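Hi everyone, thanks for coming. Let me put a structure up on the screen, and then we can walk through it together.

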Amino acid sequence: MLTRTLMLVLALALSAPARAQEPRAAEIPLWSGVAPGSEGKSGDEVVETSASGERRVTNVHRPSITPYLPAPGTATGVAVLVIPGGGHRQLVMTHEGDNPAAWLRQRGIAAFVLKHRLAREPGSTYRIDVEALADAARAMRTIRARATEWGIDPARIGAMGFSAGGELVAMASIRDMAGDPAAADPIDRVSARPDFQALIYPGRSGDIVPDARTAPAFLAAAYDDRQDIAEGLAEVYLRFKRAGVPAELHMYGSGGHGFGVRATTTRPVGAWIDRFEEWLRDRKVIRTSP
């Protein structure tokens, strides 16, 4: 009996989502100088840490990505831009950024956590569909432009967004994000459109209207989330279906809003990211054996 108990504890430990305490790499600024639209902005970022160790970031004027690169010999060639949520007022960096990125890295998927400018923070002059979207687009372009350096297939780069971050992923997947071949900056010459997308309890579901060019989508939320998500994401799935774009929807019985990736979550909703990896394999985005 004792042996079986020890085996169960070990299995749970190995299957638990990665914790945010894993070391993070240095942030990579998205622009070498001042980000377009941030001219004249000053002040350091504000980072607050909760009693449970989860980070919250505000006052972002220098957008960046933090890379989580797989160990040598484990890389699948797949990459995911991870965009945390926070209502465009803050960025909840741990369970919607560092944790999923570390989980993906452990499975050979390069991940990059975006820190973008906040349009609804008190006193902000930024806009969701201008500066915040520009940050997401610049992050996608940076990953694609540096794909060889990071061991990534430039045709297998996706984006995962939580809540407000899901809004940005959806916009980048639907809008014209082609690069400008005449741009002076080589990063601006490549496309910012994701090759696949994961929309995890995304906001503004009514604005997610895919067409035939939209990236295939993995969708996840909970029954007890707010109405525009718990019902709205089901409508989003039907729009993907009608547009002829492959999509997979997971609506969990409980989990509320903001479940993200936490090692302490024992309910079925905590396994959504396992389903995401299965979806990538089923679609042959990940081409190696489990």
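By buried I mean under 20% relative accessible area, exposed is over 50%, and partly exposed is in between, with a 1.4 Å probe and protein chains only.

Before going on, a word on what you are looking at: this is a predicted model, where local features need pLDDT of at least 70, side-chain atom pairs count only at pLDDT 80 or more, and totals for chains, interfaces and linings use all residues. Residues are numbered from 1 along each chain as its sequence is written, and side-chain values use heavy atoms, with hydrogens and water left out.

Back to Glu131. Its partner in a salt bridge is Arg127, and the closest N and O atoms are 2.9 Å apart. A salt bridge here is a side-chain nitrogen of Lys or Arg within 4 Å of a carboxyl oxygen of Asp or Glu. Arg127 counts as partly exposed, at 43% relative accessibility.

The structure holds 20 salt bridges, and I'll show you a few others. Asp153 and Arg287 meet through their side chains at 3.9 Å, N to O. Asp153 lies in the loop between helix 3 and strand 8, and Arg287 in the segment after helix 7 (272-282), so this pair ties together parts that are 134 residues apart in sequence. Arg287 counts as exposed, at 57% relative accessibility. As for those element numbers, helices (H or I, at least four residues) and strands (E, at least two) are DSSP runs, numbered from the N terminus.

Within helix 7, Glu277 and Arg281 sit four residues apart, about one turn of the helix. They form a salt bridge with the closest N and O atoms 3.2 Å apart, and both residues are buried. There is also a network of salt bridges that links Glu27, Glu45 and Lys115.

Now for the sheet. Which order do its strands follow? Eight strands form an open sheet in the order 1-4-7-5-8-9-10-11, with mixed pairing. Two strands pair if DSSP finds at least two bridges between them. At the edges are strand 1 (28-29) and strand 11 (247-252), each pairing on one side only. Helix 3 (residues 128-145) packs on this sheet, touching strand 4 (64-68), strand 5 (79-83), strand 7 (110-115) and strand 8, and its direction makes about 160 degrees with that of strand 5. Contact means heavy atoms within 4.5 Å. For the angles, axes are lines fitted to C-alpha atoms, for helices over the stretch in contact, and angles run from 0 to 180 degrees between N-to-C directions.

Look next at strand 8 (residues 157-162) and strand 9 (residues 197-200), which pair in the parallel sense over four bridges. In that pairing, Ala159 stands opposite Gln197 of strand 9. Helix 4 (residues 164-174) lies across strand 5, strand 8 and strand 9, at about 145 degrees to strand 8.

Elsewhere, strand 2 (residues 46-49) and strand 3 (residues 55-58) are antiparallel partners over four bridges. They form a hairpin with five residues between them, and Gly53 in the turn has a positive phi of about 95 degrees. Strand 3 also pairs with strand 6 (residues 91-92), antiparallel again, over two bridges.

Helix 2 (residues 94-106) is mostly covered, with 12 of its 13 residues buried. In helix 6, the buried residues are Gly232, Leu233, Val236 and Phe240. Seen down the helix axis, the buried residues of helix 6 fall within an arc of 95 degrees, so they line one face of the helix; the arc is that of the directions from the helix axis to the C-beta atoms. These buried residues pack against strand 9, strand 10 (217-222), helix 5 (227-230) and strand 11. On the other side of helix 6, Lys241 and Arg242 are exposed.

One last stop: where does His116 lie? You'll find His116 in the loop between strand 7 and helix 3. His116 is buried, with a relative accessible area of 1%. Leaving out residues up to four places away in sequence, its contacts include His88, Asp135 and Leu168.
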